[in-house]
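Visitor: I have a structure open and would like to learn how to read it. Could you walk me through it?
Guide: Gladly; let us look together.

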Amino acid sequence: MRAIWQNIPKNELRHQYSTLKKSVEKCSKHFGCSDIPIKRALKEYGIPVRTHQQAQQLRWSNPEHRKEMIRKLLAGQTHPPPSEETKRKISEAQIGKKSHWYGVRGKDNPNYKHGKSKRHRTIRCTAEYKQWQLAVFKRDWYACQRCGVHQKVLHAHHILPFIDFPEERFTLDNGCTLCPECHRYIHTEEMQNG
Ligand SMILES: [Zn+2]
Ligand SMILES: [Zn+2]
């Protein structure tokens with residue numbers, strides 16, 4: 001008896017997975033089976049499997065998937081967007097004044113959790129990094145995008161991880177303003193999901 005994966009034609013799988021860059025999940029729908037035979041067939045046919053990082057990058061480059069990633073990240077948010085009045089107050093407060101998020105050290109320093117090496121910490125101290133962070137805060141109206149809190153200490157979270165995606169380090173789209181509590185929550189969730 002043939003195993004399920006053996007009924008998956010090699011060329012068609014290569015076309016779906018490698019050429020059309022469909023995910024394992026999408027391929028399983030295409031072939032009408034679960035993801036286990038798909039993974040097995042990729043291995044048996046010697047089709048190079050994308051790493052988690054490559055898969056993430058691929059999702060990110062697709063605007064639809066990008067929206068979905070952000071939606072997932074902010075799932076459970078309960079706050080309404082800031083009112084025009086709040087926005088105006090924030091703008092006025094920022095005029096002619098250096099952001100008070102600057103110079104926040106240690107545990108409250110944005111993205112402190114990612115600092116795994118001296119080199120990465122150094123990058124976080126650069127003007128380019130601070131500029132990116134400020135741009136993210138400004139775009140998000142200095143509010144946590146998950147719970148909506150406006151407070152002194154906010155973090156600029158990298159949606160695609162800072163360490164793994166150097167080319168996305170300073171992309172505005174890759175940043176998301178979070179309060180320390182939501183930031184911690186998101187990283188715990190990510191770890192649980194592997
Ligand atoms: Zn929050
Ligand atoms: Zn983060």
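Guide: One idea to begin with: two residues are in contact if their C-beta atoms, placed from the backbone, lie within 7 Å. Please keep in mind that this is a predicted model.

Visitor: Which residues is cysteine 182 in contact with, leaving aside its neighbours within four places in sequence?
Guide: Cysteine 182 touches Cys144, Arg146 and Cys147. Across the chain, 63% of the contacts with a separation of 6 or more are between residues 24 or more positions apart.

Visitor: How many helices and strands are there in the chain?
Guide: You will find 9 helices and 2 strands. Starting at the N terminus, their order is α-α-α-α-α-α-α-α-β-β-α.

Visitor: How do the strands S1 and S2 run, and how many bridges join them?
Guide: Strand S1 (residues 155-158) and S2 run antiparallel, with 4 bridges between them. One example is histidine 155, whose bridge partner in S2 is leucine 178.

Visitor: Which way do the residues of strand S2 point?
Guide: The general idea is that side chains in a regular strand alternate between the two faces of the sheet. In S2 (residues 175-178), Gly175 and Thr177 point one way, while Cys176 and Leu178 point the other way. Each of these four is buried.

Visitor: Which residues make up the largest nonpolar core?
Guide: In soluble globular proteins, nonpolar side chains tend to be buried together. Here the largest nonpolar core has 12 residues, among them Trp132, Phe137, Cys144, Leu154, Cys176, Leu178 and Cys182. Helix H8 (127-139) and S2 are the elements that give two or more residues to this core. H8 provides the largest share, 3 residues. There is also a second, separate core of 7 residues, including Ile8, Tyr17, Ala41 and Leu42.

Visitor: What share of the residues in the chain is buried?
Guide: Buried residues account for 18% of the 194 residues.

Visitor: What is the mean pLDDT of the chain, and which helix has the lowest value among the elements?
Guide: The chain has a mean pLDDT of 82, and 78% of its residues reach 70 or more. Where pLDDT is low, the predicted coordinates should not be read in detail.

Note on methods
Residues numbered from 1 in each chain as written. Chains lettered and ligands numbered in written order. Predicted model: local features only at pLDDT ≥ 70, side-chain atom pairs only at ≥ 80, totals over all residues. Buried ≥ 20, exposed ≤ 12 C-beta atoms within 10 Å, placed from the backbone. Pairing = 2+ DSSP bridges. pLDDT = per-residue confidence, 0-100. Core = buried A, V, L, I, M, F, W, Y, C linked by C-beta atoms within 7 Å.
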